[in-house]
Amino acid sequence: MPNPTATINKAIHMCSEYYLATVNLQNQTRAIPKVRNVALHWRPPPADTFKCNSDASWSSSSHPCALAFVVRDCRGTLITGHAKKAPAFSPLVAEALALRESVVVAYNLDWKRVIFESDNLNLIRACRKEKPIAEIQMIVQDILTVAEGFIHCGFTWVQRKGNEVAHHVSQAMIRETLPLSWVSQPPLWLRNLLIATKTFLAFGNTFVSNR
């Protein structure tokens, strides 16, 4: 037969754990910087807009670093992308160079509406003129100057999970395992990432419509 006292003590302990977990979660939520469009997963842009995710792979032993960006439409379809190596003396500079590369390419392709997304919060804040950073000031100025040529241009932050396609492309570039034709003929790992994103989008839309 269960011990009533032990059962009560266990229940009290579980309630305490739940309370502490709830408090910690609330504190973590409050600690998240006030940045709009925060997302855990990649979110599609509006129908008339492209979304460009950029990332960079950098390490003190890797010279140069790898820059990469991928562009997708509202259906999650890969439109284009680019990856290359470039010198950078810090991870933040590398991320800023990758973003600048994507902005310049989008402008040269004469796109009018583009959302540029990165998982580097400081970089996005700098591009929004919320938090200037001397280390990347000149690069950000280049970005903002080119961005004036778009009808609509937004800078959004996403957690690493939502930026994994660009992240894996940059990783493959630094490891020299990225095929030259990765955009027109995506390797299996990239196809799987793109399919996973589309599957998530389809599941999310179904979930919302059934609510």
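These are my notebook entries on what I looked up in a predicted model of one protein chain.

**Entry 1. The chain as a whole**

I began with the secondary structure. The protein chain has six helices and five strands. Following the sequence, I read the order of these elements as α-β-β-β-α-β-α-α-β-α-α.

I then looked up burial. Of the 211 residues in the protein chain, 41% are buried. The accessible surface is about 12,500 Å², and carbon and sulfur atoms account for 58% of that surface.

I also looked at contacts between residues at least 6 apart in sequence: 70% of them join residues at least 24 apart.

**Entry 2. Strand β4 and its partners**

Which strands pair with β4? I found β1 joined to β4 by four bridges, and these two strands run parallel. In this pairing, Asn53 stands opposite Glu117 of β4. On β5, I found six bridges to β4, again in the parallel sense. Here Phe116 stands opposite Phe155 of β5.

I next asked how many residues of β4 are buried. The count is five of six, so β4 is largely enclosed by the rest of the structure.

**Entry 3. Helix α2**

I looked up the length of α2. This helix has 18 residues and spans 26 Å from its first C-alpha to its last, close to the 26 Å expected at 1.5 Å a residue.

Its buried residues include Leu92, Val93, Leu97, Leu99 and Val103. Glu95 and Ser102 are also among the buried residues of α2.

After α2 comes Asp110, and I noted that its phi is positive, near 65°.

**Entry 4. Aromatic pairs**

I then turned to Phe116 and Phe155. Why is their pair called stacked? Their ring centres are 5.9 Å apart and their planes stand at 25°, so the pair is stacked, the limit being under 30 degrees. This pair also links distant parts of the chain, with Phe116 in strand β4 and Phe155 in strand β5 (residues 152-157), 39 residues apart. Both Phe116 and Phe155 are buried.

Which residues form one aromatic cluster with Phe116 and Phe155? I found Tyr107 and Phe150 in that cluster.

**Entry 5. Charges over Trp42**

Finally, I looked at the ring of Trp42. The charged end of Arg72 sits over this ring, 4.2 Å from its centre. Lys51 also lies over the face of Trp42, at 5.6 Å from the ring centre.

**Entry 6. Review**

Definitions and conventions. Residues numbered from 1 in each chain as written. Predicted model: local features only at pLDDT ≥ 70, side-chain atom pairs only at ≥ 80, totals over all residues. Heavy atoms only, no water. Phe/Tyr/Trp six-rings, centres within 6.5 Å; stacked < 30°, edge-to-face > 60°. Buried < 20%, exposed > 50% of the residue type's maximum accessible area, 1.4 Å probe, protein only. Lys NZ or Arg CZ within 6 Å of the ring centre and 35° of its normal. Expected span 1.5 Å × (residues − 1). Pairing = 2+ DSSP bridges. Contact = heavy atoms within 4.5 Å. Areas by Shrake-Rupley, 256 points an atom, 1.4 Å probe, with all protein chains shown as cover.
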